Amino acid sequence: MPQGDEGFEKRTVSSYEEAMDALSSLITKRSRADKSNKGNRFDLLFDYLKMLDLEERISKMSVIHVAGTKGKGSTCTFTESILRHCGFHTGVFTSPHLIDVRERFRLDGVDICEEKFLAYFWWCWHRLKEKTSDDTPMPTYFHFLALLAFKIFSAEQVDVAILEVGLGGRFDATNVVQSPIVCGISSLGYDHMEILGNTLGEIAGEKAGIFKQGIPAFTVPQPEEAMQVLEVKASQLNVQLKVAPPLDVKLLNGLCLGLDGEHQYLNAGLAIALCSTWLQRTGHIEVNSLEQNSSLPEHFLEGLTMANLQGRAQIVPDRCIDIESPGDLVFYLDGAHSPESMEVCAKWFSLAIKEGNKQKLRNDQQDYFGYGHETPGKNSTQILLFNCMSVRDPQLLLPRLVNTCTNHGVHFKKALFVPNISVYNKVWSSALPLTDSQVDLSWQLTLQKVWENLINSQKGGDDKNADPSYIEGGVDKKRCVRSCENSTVFTSLPLAVKWLRDTAQQNKSARLQVLVTGSLHLIGDLLRLVKK
Ligand SMILES: Nc1ncnc2c1ncn2[C@@H]1O[C@H](COP(=O)(O)OP(=O)(O)OP(=O)(O)O)[C@@H](O)[C@H]1O
Ligand SMILES: [Mg+2]
Ligand SMILES: [Mg+2]
């Protein structure tokens, strides 16, 4: 909690909603894709740090900094969990959040509590409001969150602050850190090209913007084009860049990683390298004591197996259905939204529903066994629940997803497309609207068209059902806009969930396995709905 000597004045503790409204007011459409002004905006961060008396504190902070296209959040989560299990007081800043903005700020592995959050939030907010001007306006949304993270971690005196880059690297708000202990670059791929450049090399160059003179860095095995750029940038700054090998599953002694999916071995390998280097450079272990690779220290194993992050390869049985007939409606959630991650997500889903899932149900104490197993008299049916932002290309995403599933023998019976509930310019809203006749569904109809063409071409080139006017007879027209043979567009997520529940209840012999993916916002919305 900020103390008097931190300049914290006692104010009436405003409600959480007020804080969320204030935060939402910083969101501008321009700030995200503002290309021309990104360097300038970045420079403003140093003014804000002065206003918040954070300059010196940041220079003393013990930071692990992670950039990359995919796997940043997972890598940070493993890293945090390992160092916490080694006995350190940790802070981790990740993005985005799924349900509550406090998920972005974790202290000792737990989302910051509301009370502390509000105290730090208003402390930063009021200071900035007082000191900003027309020349130096209030920070953008993400800048404010990063500044808040610095405030929280310095006031809470964490032993280590693990920072996930929000976007890119060079001009990201977290890059005000001048001397991290170690840097990591997770898997590089194509995303945010509108801001970061069109080639893998250009994207790698932006991410390598977090390298600092003489500070060691690690990355995972990368495509050649990306690796070359990382190496050039590293050598310019005298950075020792090493490739962290993917974690060898044998080192887990038969245990499972806390985060599911094949790609997590890459992220875990990177996290191990970051933690070992942090421990070495801060004088907690002997140099090289971890480089033999024959076994992992006990605390590392604990950290890797206990790590937990919502919305990444997460399995959630529906509560409404689950009491009467467990396993008849199960959601498989993964926030994949780039072509590469579509593929890993599809692989994970295909394997998870086949092998039966022995993982612990995250955030619940009960064990979760065997929802994926075939039960006599039950037919498993796979359904896709999808949305993605309109800056993404569904012609890249959906085929990657479908083809990977097909290769694993998994075929979706139906795809459901819905708009997101979370609106762009609002951080948080307590009410979930059931239906909204005003909602613009043109994007979902586009997704549906891509889907119908894709499925029909797989079935043998017959695409008569892609005709937008085709309405399936048996579907309640009030609930959905358009139903084709292989897909339905719903006007809202709650309506899609209601349809799934009704279907599961009406067909006692069916068990519905619903893959929810394409957007972390969609995952967050769904979790809010089904976890109540
Ligand atoms: N190493 C990886 N390679 C490819 N895809 C990955 C990898 N790690 C994670 N993913 C996919 O990306 C999704 C998001 O994972 P994670 O949150 O770790 O990444 P991130 O880089 O923080 O993403 P974001 O850009 O949303 O912040 C996962 O649900 C998974 O589908
Ligand atoms: Mg991203
Ligand atoms: Mg992330």
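Over which residues does pLDDT stay under 50, with 27 contacts beyond four places in sequence in the model? The stretch is 462-475. The structure is a predicted model, and its confidence values are reported here before the ligand site.

**Confidence**

The chain has a mean pLDDT of 86, with 82% of its residues at 70 or more. Over residues 357-374, however, the pLDDT is below 50, although this stretch has 56 contacts in the model beyond near neighbours in sequence. Where pLDDT is low, the predicted coordinates should not be read in detail. For the model as a whole, the scores are ipTM 0.99 and pTM 0.85.

**Surroundings of ligand 1**

Ligand 1 is surrounded by 21 residues, of which Lys-72, Gly-73, Ser-74, Arg-312 and Asp-334 are the closest. Oxygen atoms of ligand 1 take part in the pairs tabulated below.

| Residue | Protein atom | Distance to an oxygen atom of ligand 1 |
|---|---|---|
| Lys-70 | polar side-chain atom | 3.0 Å |
| Gly-73 | backbone N or O atom | 2.8 Å |
| Asp-334 | polar side-chain atom | 2.6 Å |

The protein buries 95% of the 620 Å² that ligand 1 exposes when taken alone. Two or more residues of the shell come from each of helix H5 (72-85), helix H11 (264-281) and helix H14 (339-355). Among the elements, H5 gives the most to the shell, with three residues.

Note on methods: Residues are numbered from 1 along each chain as its sequence is written. Chains are lettered from A and ligands numbered from 1 in the order in which they are written. This is a predicted model: local features need pLDDT of at least 70, side-chain atom pairs count only at pLDDT 80 or more; totals for chains, interfaces and linings use all residues. Side-chain values use heavy atoms; hydrogens and water are left out. A residue is near a molecule or strand if one of its heavy atoms lies within 4 Å of it. A polar contact is a pair of N or O atoms within 3.5 Å; within protein, one must be able to donate a hydrogen and the other to accept it, and residues adjacent in sequence count only if both atoms are side-chain atoms. Accessible areas come from the Shrake-Rupley method with a 1.4 Å probe; for residues, only the protein chains shown count as cover. Helices (H or I, at least four residues) and strands (E, at least two) are DSSP runs, numbered from the N terminus. pLDDT is the predictor's confidence in each residue, from 0 to 100. Contact means heavy atoms within 4.5 Å.
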